[in-house]
Amino acid sequence: MSTEPRGKRPGRPSIGSGNEPSGRRPQKMTTGRFGLYAFLVITAAFFLTPLYVMLATSLKSMPEIREGNLLSWPIAPTVAAWVKAWSTACTGLNCTGLQVGFMNSVRILVPSVLLSISVGAVTGYTLSFWRPRGAEILFGALMMVAFVPYQVFIYPLVRIFSYAGLNNSLAGIVVVHTIFGLPTMTLIFRNHFAALPNELFRAARVDGAGFWRIFGQIMLPMAVPIIVVAMILQVTGIWNDFIFGLVFAGRENLPMTVQLNNIVNSTQGEREYNVDMAATMLTALVPLAVYFFSGRWFVRGIAAGAVKG
Amino acid sequence: MPARSDVSIRGVEISYGPVRVLERLDLEIAQSEFLVLLGPSGCGKSTLLNAIAGLTDVDDGQIWIGGTNVTWHEPKDRGIAMVFQSYALYPRMTVRGNMSFGLRVAGAPKADIERRVREAAEMLRITDLLERKPSELSGGQRQRVAIGRALVRDAGVFLLDEPLSNLDAQLRAELRVEIKRLHQRLGATMIYVTHDQIEALTLADRIAVMKDRRIQQLGSPDDVYLRPANKFVATFVGSPAMGFLLGKLGTDPSAPMFEAPGVKVPLTGYAFAERPVAGQGVELGIRPEHVLHGDGDIAADVEMVEPMGSDKLAWLRIGEQPLSIRLPAETPVARGDRLHLKLPAHRLNLFDAASGQRL
Amino acid sequence: MKSSHINAQIALLPAILIALVVYCGTTGWTIWISFTNSRMLPSSVMVGWRNYLSLIGNERWVVSVTNLFVFGALFISAALVLGFLLAAMIDRHVRAESLFRSVFLYPFSMSFIVTGLAWRWLLDPTLGIEKLAHAIGFSWFHFDWLVRPDRVIYTLVLAAVWHAAGLVMAILLAGLRGIDGEIWKAARVDGLPVWRTYISVILPMLTGSFATATLLLATSVVRLYDLSVAMTNGGPGVASEVPAKFVMDHLFERANVGLATAAASTMLVTIVAVAAPWLYYQQRGRRT
């Protein structure tokens, strides 16, 4: 913004007088510009409020919650609620806190992410370069599933899993995440590989490389960015999952989201909002960390997952 | 058409943040003139065009169009029309919609819009395409539509920003002729930005060669081609490129002479812009087609021969210095031959070795 | 057959198995069960359309479906409008652009459970924003939508828009950034005001991005389950029930597998009826 405008905007063009002002148009904060920032700032405040309120509530004591108001910052911040949420909060008679759910989520997360990305990468690679018969149909079926509500599959799947002895087990939930991660994973890898020049693939074949060698030594190293994107998608997606964890993980492996819901909805005694909010914050920490540390990669993940077909 | 459509740029300066892109630039463009802004990318030519259009604000200076100071006028109020490199057609509108959009926004009468679109379409032979969408057109057709959109505005000044650079060579030549014909027919002022020196030489009444935020030379195509103002202009304009020999001026003031190892060229007949200084380091530039051979006294060895259809280009070596010569296609010359060259004084260009300025 | 091609077939085996067994097999199975009198355990006694008939007469199902349409229409349109406004404003060279972007998108990284619990607390009828408003002097302010059967669905919309508007913003912003800058210049030379440029030129160019965003939002509408569970657990009464929750509850708590699978099949048929023409149109659009 220029501090000293050298001229003012002429109202009407005058012809030929020659001594009209020159130089930069004086910039001012127009009403439009002001309105734009006002809208953005107010919306940003609206978006941040829930996070702020969660944090503030989690640091308050129960008396302060009852007496104070939602937006006030705690007078005497305390992490007692966080400690309780993590280690001693109860679901029913079980008072071991969220830590159990956290560990379960980690144990589910690691193998599920690895397996779902591997299967998706191989499938995407095969579909985009080798195009075996029926590839189009297979891909179409995968894309269709991306829209179908899971409720359609769940009951028979439970029956199949119990027949195969996978029900209520870690292996079972990992397989479920792989199954339902397949459409998106296949899609992003297929799109990534399809954008590579086909000459690369032909050159490798002329050089005598086979199916797995082309995959491992040529395509996979070129897929590092998309693997990062896939990991961001899967880590947040699987961590945030509720329904599969509820149905397939079994009592011993309940993930953090399910346990969080159980803690908050536990009917024992008086409701402790500070503990509830501390538990909610704890559950949100992993995806929030992924989001803030991955920056633009998160947006890339959205874009990659969004380009259907 | 407005009575006056001359353009005057007075002391215009533009910076993007700390980066200066145009420096105190003055330029007068006459009514109905075809001026080409020629230069490598980043020289400021497109910035200047955008400033004339009102799409970029100037930091200092004034822009006058048709006798009016338009420095702060909105683009639509400047009496200009513009053609863009990427065509910038509105993809969801038909050709007719694209061409008439500005008029419709301005609230022109329907019959008037209809007539002007029809006339422009006929002039550009795109009447058949009027109901199509841009995505259904070829590159050449899209550029015709983009030109048509500008024609409909009935402006006195046309601004063309590299309009042909996205087209293949054949279409480019075709549309070049088309644009020249339009200019003759409309009598509008045209300002045309390009980095293609062939386009500049074929289209322009005058060329402004730009580099490093400044106009290096302003003149007719002949001026720019035959009498480049400095070494940059000499190398940038012309294909195949001008050859150069590094040397110095002889010491005898009565008979000026260019001297380099193995080369002595008398300069009698060369139009010096300023009095030469004896012993001054200079670079001698000469276009390949101006080099004569046969009875000269400069010995040159042929290193490579490049046939170009109608003629051929021979790459020579004079002592340590390279030079090229353009020869008729049937000239029997091969690698290893020795030619005897003559460099006619009135075809020479001498540049100060230090500053690069023409002598 | 060359060994490479055999390898290709082997590599696709997991995907083929999943497609055949899980996607096709279980879908068929679900549809088949929906025609049996299965209660807690599967049964093979066929009862024709009986489950579907009792579904139509089931008040909870009717509420669920109504909720889904109300929620879907409001949520999708609100998220699209807000997302577009945010994207367009951020695209107008604002300062601290990446800060704004991060703030608008962060809710999307969190789960629906977290979203639901956070908003449940904010909208708490005794300790939430109503108390806040009273504390700063607006004693007339009354906000109990979370426990009002006729309003509770709008609180779900509010939470869901908060969760997903950033997603729409990110998709549309990418679309806006993909628009050739010379289009803007051409519009200025044509004398268009900025708002008119957005409506007449830019919006039509963003139809692809809008379609993508709408599709993603619609998918999450159909799958809407966790948010309802965490925020209201379907309450008060059945006022915020949704079809996905209806299916889950009847599968695992109310032990009426026949009814649940009939509900799931109905959802599936509806989706296919909507998605199939869209997919077909997409495929055709790509070819031309």
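Biologist: With which residue do the side chains of C:Arg188 meet in a salt bridge?
Modeller: In this predicted model, the nitrogen-to-oxygen distance of the salt bridge made by C:Arg188 is 3.6 Å, and a separation within 4 Å is what the rule asks for.

Biologist: How much area do chain C and chain A bury between them?
Modeller: The contact takes 91 residues from chain C and 86 residues from chain A. Of the area buried between these two chains, 77% is on carbon and sulfur atoms. C:Tyr23, C:Trp121 and C:Arg223 supply 9% of the area that chain C buries against chain A, which is more than any other three residues supply. The area that chain C and chain A bury between them is about 8000 Å².

Biologist: Which helix gives the largest share of the side of chain C that touches chain A?
Modeller: Between chain C and chain A there are 17 residue pairs in polar contact, with both residues at pLDDT 80 or more. The largest share of the side of chain C that touches chain A amounts to 20 residues, and that side divides by class into 66 nonpolar, 15 polar and 10 charged residues. The helix that gives this largest share, running over residues 3-33 of chain C, is α1.

Biologist: How far apart are the centres of domain 1 of chain A and domain 2 of chain A?
Modeller: The domain assignment of chain A gives domain 1 as 31-78 and domain 2 as 99-306. When the centres of these two domains are taken over C-alpha atoms, their separation is 34 Å.

Biologist: Which three residues in domain 1 of chain A lose the most area to domain 2 of chain A?
Modeller: In the contact between the two domains, 10 residues of domain 1 of chain A meet 10 residues of domain 2 of chain A. The domains bury about 780 Å² between them, and 78% of this area is on carbon and sulfur atoms. Together, the three residues asked for account for 57% of what the side of domain 1 buries, and they are A:Met54, A:Ser58 and A:Met62.

Biologist: Which element gives the largest share of the side of domain 1 of chain A that touches domain 2 of chain A?
Modeller: Across this interface the rule finds zero salt bridges and one residue pair in polar contact, both residues being at pLDDT 80 or more. The elements that give two or more residues to the side of domain 1 are α1 (31-58) and α2 (62-67) of chain A. The largest share, which is five residues, comes from α1(A).

Biologist: Why does the aromatic pair of A:Trp130 and A:Phe211 tie together parts that are apart in sequence, and how many residues apart are they?
Modeller: A search of the whole structure finds 45 aromatic pairs over all chains. The pair of A:Trp130 and A:Phe211 is tilted, with 5.3 Å from centre to centre and 45° between the planes. Because A:Trp130 lies in helix α4 (residues 99-130) of chain A and A:Phe211 lies in helix α9 (residues 211-219) of chain A, the parts that the pair ties together are apart in sequence by 81 residues.

Biologist: Which residue does a cis peptide bond join to B:Ser239?
Modeller: For this cis peptide bond, omega is about 0°.

Conventions. Residues numbered from 1 in each chain as written. Chains lettered and ligands numbered in written order. Predicted model: local features only at pLDDT ≥ 70, side-chain atom pairs only at ≥ 80, totals over all residues. Heavy atoms only, no water. Domains from an automatic or database assignment. Contact = heavy atoms within 4.5 Å. Buried area = accessible area lost by both parts, 1.4 Å probe. Polar contact = N/O pair within 3.5 Å; in protein donor to acceptor, adjacent residues only side chain to side chain. Helix = DSSP H or I, 4+ residues; strand = E, 2+ residues; numbered from the N terminus. Nonpolar A, V, L, I, M, F, W, Y, C, P; charged D, E, K, R; others polar. Phe/Tyr/Trp six-rings, centres within 6.5 Å; stacked < 30°, edge-to-face > 60°.
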